[in-house]
Amino acid sequence: MGSPEKGKREELFVSGHRACPGCGMALAVRHILRATGRQVIVVTPTGCLETFTSPYGYSPWRVPWVHHLFENGPSVASGIAAALRMQKRDHIRVLVIAGDGATFDIGFGALSGMLERGEDVLYICVDNGAYMNTGGQRSAATPLYASTTTDPPGKLSSGKVQEKKDLPWIVAAHKVDYVATASVAFLADLRGKLKRAMEVRGPRYIQVDSPCPSGWGFASDLTLEVGRLGVNCGLIPLLEIRGGTLTRVRKITKRIPVEDYLRVQARFRHLFAPRRQQAELSRLQSLADEKIKTYGLLKG
Amino acid sequence: MPWEEVLEGSEAVALAIKACRPQVISAFPISPQTHIVERLARMVAEGELQAEYVRVESEFSAASVVSGASLAGSRAYTASSSQGLLLMTEVLYASAGMRLPFVMTGVNRTVSAPISIQVDHQDTISLRDCGVIQLYVESSQEAYDAHLAAFKVAEDPCVLLPVMVCMDGWILTHSYERVCFLSQEEVDRFLPPFKPPNYLDVENPKSWGSYAEEDVLMEFRYSVQKAMTCAKRIIRETWQEMAQLTGRNYGGLVEGYRIQDAEIILVAMGSVAGTVKEAVDQARESGQKVGLARIRCYRPFPHEELWEMIKGAKVVAVMDANFSMGSEGAIAMDLKAKLYGRPSAPLVVPFVAGLGGREVNTHAVLEIVKSARQCYESSIHPLEAQWVGLNAELLTE
């Protein structure tokens, strides 16, 4: 087993992959592997990450990596973890790094099974809020009133009319030891959460908000800025939930109105033009207010 | 020490799996597969079998767990039936494509709708194209032997594909039969520990399941077909080795029963072969030259051995316990495709028999023989399968 200090400096997700410019997910994965070191095996379900990292003959992964199917990441990881225990190689840790479609939707049953069985797997959902790989269709992770290619705004539609599935708490309800939400815009926070997650055995879940320039509609140099706005408006709370209980929140340093977050993204443009949709904007603001209150996100 | 015992077919399979020392087992319950996986669970609970037993929330996950274990370099096993096998389909395509040599039991049962737990081969036949080797057995003894052989075939460096042992639900899994067992030492000599040529290794990191396009995908597919072709030789050699070890010789990929000089040859697979052999004996006693070619390995399809057996016959009657809606039974299709263009090929007459547990007795088999003979004698070349034993009263216009 390599020394963890050495592992931290090592780049295990290298350049040359085919992610879009400004991809939050690619950034997240690089930092995830910096934090875990090389003694890991990564399972990635079908999605953006699989597509942009695996054209046959090329790979940016310097750890053992497998893509199997869309809906079975947690089960493949369970099988790997079981084999490692039998082979007495279980100093090697098993990660799933998946998108939100694999996690919230098609692989949800397998994820619940993995959590319930107490598998020794760290599941990381890099969440860009839609099926970006196939052109930006709606997932259960798509936020309220966002426009996607399958719930476009129109005369009868304000975009997606359901709230985002509150998956971290659904995971937490499985009584797992470690659940956290993070953002690529707060990398030190993400690294700390990975460190704490790696100190625990058993199922763990981290959901990383990952702005997507092409899917959300913003310039590719604004990824971190958009991520920061999401956190600072209250819609993306950064939490730690241990054993089903909220144990830590990252306080908002400079609170902003939700509109400041929405205005910079084309997926919310229909809320402002051709006419302002006040009811929808108010509901999104109260959603943020509610999160700020529930989780105590403001200082003081 | 080798020993013999009268026990349930499921138990014989569980004992075979135990002797093969799998490191990971995963299953989801479905009738009639349950007794196998329950018995294995008891072995693990009692410490008789050192394995990780992953009790999953679906067959999709069961296949995925053994796939993951195989990727990590462990010997792994699962079992299912019917809807469960259909649910595994996507995983099995991917596992064959990634060349993962786990073993599974396909306990044969029909598929919905209507829902039924009774036996036919529709479930496993539906998986014929995915790259999983399919062996079919006639008895509990052969089921025991085939599971030992299955791991050896799967793990052969020129094969590296999943192997499914298909056994008829209830008829084999739930009936009691005398079965002879090898000693653990004999099994260990026959089947050494699995040494995967590639596995998920942090010291030698590789990527699996990559995205492939038009420049390489066909070569990936062809490599699976090459492995299937090579598997024919490996399966024959493995069964020969098994025969030397056990004294039980079932033949190669196809078992011939009273084939020499046969004018009418029945083709079947699975437990119905016992009944067919009885019917063949009766036909022979009445002076008819009838034989049976029992397919023991359906994928890869053993057309070379079948040809050797049937080339001298006048007519071949295929008994399919499956049906491809809009066409005909799978064995008939395969056989006719491989015979087409051979100038001296016998007439092939397709029959569908035993769907959903419908009884196929010696009388039904002799009727099939009679019907096949009539086709030959009247030079009728039937393009549609005959469904054996349909109840006309239930069929409304």
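1. Chain A contains twelve helices and eight strands; helices (H or I, at least four residues) and strands (E, at least two) are DSSP runs, numbered from the N terminus. The radius of gyration of chain A is 19 Å, close to the 19 Å that the globule rule gives for 300 residues, so chain A is as compact as a globular protein of that length. The radius is taken over C-alpha atoms, and the rule is 2.2 Å times the number of residues to the power 0.38.

2. This is a predicted model, in which local features need pLDDT of at least 70 and side-chain atom pairs count only at pLDDT 80 or more, while totals for chains, interfaces and linings use all residues. Residues are numbered from 1 along each chain as its sequence is written, and chains are lettered from A and ligands numbered from 1 in the order in which they are written.

3. Taken along the principal axes, the C-alpha atoms of chain A fill a box of roughly 60 × 45 × 35 Å. Of the 300 residues in chain A, 53% are buried. A residue is buried if 20 or more other C-beta atoms lie within 10 Å of its own, exposed if 12 or fewer, and partly exposed in between, with C-beta atoms placed from the backbone. Among the contacts in chain A with a separation of 6 or more, 70% join residues 24 or more positions apart; two residues are in contact if their C-beta atoms, placed from the backbone, lie within 7 Å.

4. Chain B has twelve helices and 16 strands. A compact globule of 397 residues would have a radius of gyration near 21 Å, and chain B agrees with its 21 Å. The C-alpha trace of chain B spans about 70 × 55 × 45 Å along its principal axes. Buried residues account for 53% of the 397 residues in chain B.

5. Chain B holds an open sheet of six strands with mixed pairing, in the order β10-β12-β11-β14-β15-β16. Its edge strands are β10 (254-257) and β16 (386-387) of chain B, each pairing on one side only. Two strands pair if DSSP finds at least two bridges between them. Within chain B, β11 (residues 264-268) and β14 (residues 315-320) run parallel and are joined by four bridges; B:I264 has B:V315 as its bridge partner in β14(B).

6. Which strands of chain B does helix α10 (residues 303-310) lie across? Helix α10 of chain B lies across β10, β11, β12 (290-295) and β14 of chain B, at about 10° to β10(B). Helix α11 (residues 330-339) of chain B lies across β11, β12, β14 and β15 (347-352) of chain B, at about 145° to β14(B). Axes are lines fitted to C-alpha atoms, for helices over the stretch in contact, and angles run from 0 to 180 degrees between N-to-C directions.

7. Helix α6 (residues 140-155) of chain B is mostly covered, with 16 of its 16 residues buried.

8. The contact between the chains takes 35 residues from chain B and 37 residues from chain A. On the side of chain B that touches chain A, α3(B) gives the most, with nine residues. Strand β2 (residues 65-66) of chain A pairs with β9(B) in the parallel sense over two bridges, and B:S207 in β9(B) is the bridge partner of A:W65.
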